[in-house]
Amino acid sequence: MLKIKISIFLLLIAFSSSLSGQELKHKKDELENSNKTTFGQIVFAGILVQNEEKKQSLYISPIIDALQFNTVEGFVTDLGVSYTKYLPEKKFLNLKPRLRYGFGNNHLRAKLDLEYYYTPSRYASIKVSGGKFVEQLNAINPISAFNNTYYTLLLERNFLKIYDKTFFNISHVFSPFKDFLFTNAINWSEIKPLDNLSNLTTSNSNYTSNSPTNIESNNTEFSSHQTLNFTAELSWQHKYERIRSRGKFKSISKYPELTIRYQIAAPNILNSSLSFQKLSFKVKKTINYKSIGHGQYHFETGDFIKKDSISFVFFNHFNGSQTIYSEFNIEKYQLLDYYQYSTTSFFIENHYQHHFDGFLLRKIPVLKKSKMQSVLSINHLYTSNEKNYFEFGIGLEKIFNKIRLDYYVSFRKGQFDRNGFRFGILF
């Protein structure tokens, strides 16, 4: 009973934290904000200290991200700050150090990102990063630290799968021609597997291995290895504008964004032992249907051109979700296991969300003045091994102006797979 009460209490904290963070994070990159700090900022959204006179800002990560728990490191402190110096002509310099300590395995890790945005007219920037840190097997980071802490401590479900990474990376972004954006990067890394703490792997424990299950590979474990990767990505979007929001860039345009990406792992250079090449193509589009709402579409397909030597870290992973609290990003699956469908074979992703913007609910007299809006979701995944996987969802957004609640049903190979509710806080 006590465990149930604690679970409910922490769930409410997660709910309220997202609600508070929603309103506060929106202000993170705005220079005109005041330096007044509230309790909500310290715990849920982080502290932003700005000095307009010196044209600089300092962001300190929130407590909710700084205190974590997982089955590999035990209790964790993960401290990060972001310092930005604003320069003339809309240029800026951004520095992000991060320090992490696991009390269960007594390991200290750190990394540093340095970015210089030097030619705004061409959206040009160079970024250098390096260090020794833990990373999720899926670089998209499908499960948040707080979500994993809640499920691991109270429900004994350790969805988070991590590995140790010592790395050095250089990337460059610029617009070579109008409507085009080109990104290239070189990354060297030493990758080491990690195991659960021995005191958590008892016969009475429900915790699973830190190596996930996968339908394509009977054994996702890997030995320590080094790799040297080169990545090139070219995007085209007519009349786009790149804006910086919450420390990241995103493009805005009424036209679709088309992206082609090529990655190669070069063997026998700097002790690199992996050898593969993979190619992917992606389309993103927002469609305005005027009186009946708007739709968001995301399509992606890809395959390995060559795969002489590859570890599970570099499989094509998909953005799944196995927790009731979720985000509603357009490329996210809501009922898909995090790593079950990861593949080195040909795949196709299709995602569509239709936001009715009040079109349906306005016809119901009781809800005519409500801000709630209905939403429809369809997610599809095709892989050479598993064939077709579908998700269908229907829900309400802007409940109390902030909450979204959806119900999903999934089908695997034409047969019913599972169903479930997902809720989240709208950004």
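Tutor: A residue is buried under 20% relative accessible area, exposed over 50%, and partly exposed in between (1.4 Å probe, protein chains only). The model is predicted, so local features need pLDDT of at least 70 and side-chain atom pairs count only at pLDDT 80 or more, while totals for chains, interfaces and linings use all residues. Residues are numbered from 1 along each chain as its sequence is written, and side-chain values use heavy atoms, with hydrogens and water left out.

Student: Are aspartate 406 and arginine 404 buried or exposed?
Tutor: The two residues form a salt bridge, with their closest N and O atoms 2.8 Å apart. A salt bridge is a side-chain nitrogen of Lys or Arg within 4 Å of a carboxyl oxygen of Asp or Glu. Aspartate 406 and arginine 404 are both buried.

Student: How many residues apart in sequence are the parts tied together by lysine 111 and glutamate 135?
Tutor: The side chains of these residues meet in a salt bridge at 3.7 Å, N to O. Lysine 111 lies in strand E6 (residues 107–119) and glutamate 135 in strand E7 (residues 124–136), so the parts that the pair ties together are separated in sequence by 24 residues. Strands (E, at least two residues) and helices (H or I, at least four) are DSSP runs numbered from the N terminus. Lysine 111 counts as buried at 16% relative accessibility, and glutamate 135 is buried too, its relative accessible area being 18%.

Student: What is the relative accessible area of aspartate 308?
Tutor: Aspartate 308 forms a salt bridge with lysine 306, the closest N and O atoms being 3.4 Å apart. Lysine 306 is partly exposed, at 32%. Aspartate 308 is exposed, with a relative accessible area of 58%.

Student: How many salt bridges does a search of the whole structure find?
Tutor: Some salt bridges join into a network, which links Glu73, Asp78, Arg98, Arg100, Arg109, Lys132 and Asp164. For the whole structure, the number of salt bridges found is 16.

Student: What is the radius of gyration of the chain?
Tutor: The secondary structure of the chain comes to four helices and 20 strands. The globule rule (2.2 Å times the number of residues to the power 0.38, with the radius taken over C-alpha atoms) is the reference here. For 427 residues the rule gives 22 Å, and the chain is close to this, so it is as compact as a globular protein of that length, with a radius of gyration of 22 Å.

Student: What share of the 427 residues of the chain counts as buried?
Tutor: The C-alpha atoms fill a box of roughly 70 × 60 × 45 Å along the principal axes. Of the 427 residues, the share that counts as buried is 46%.
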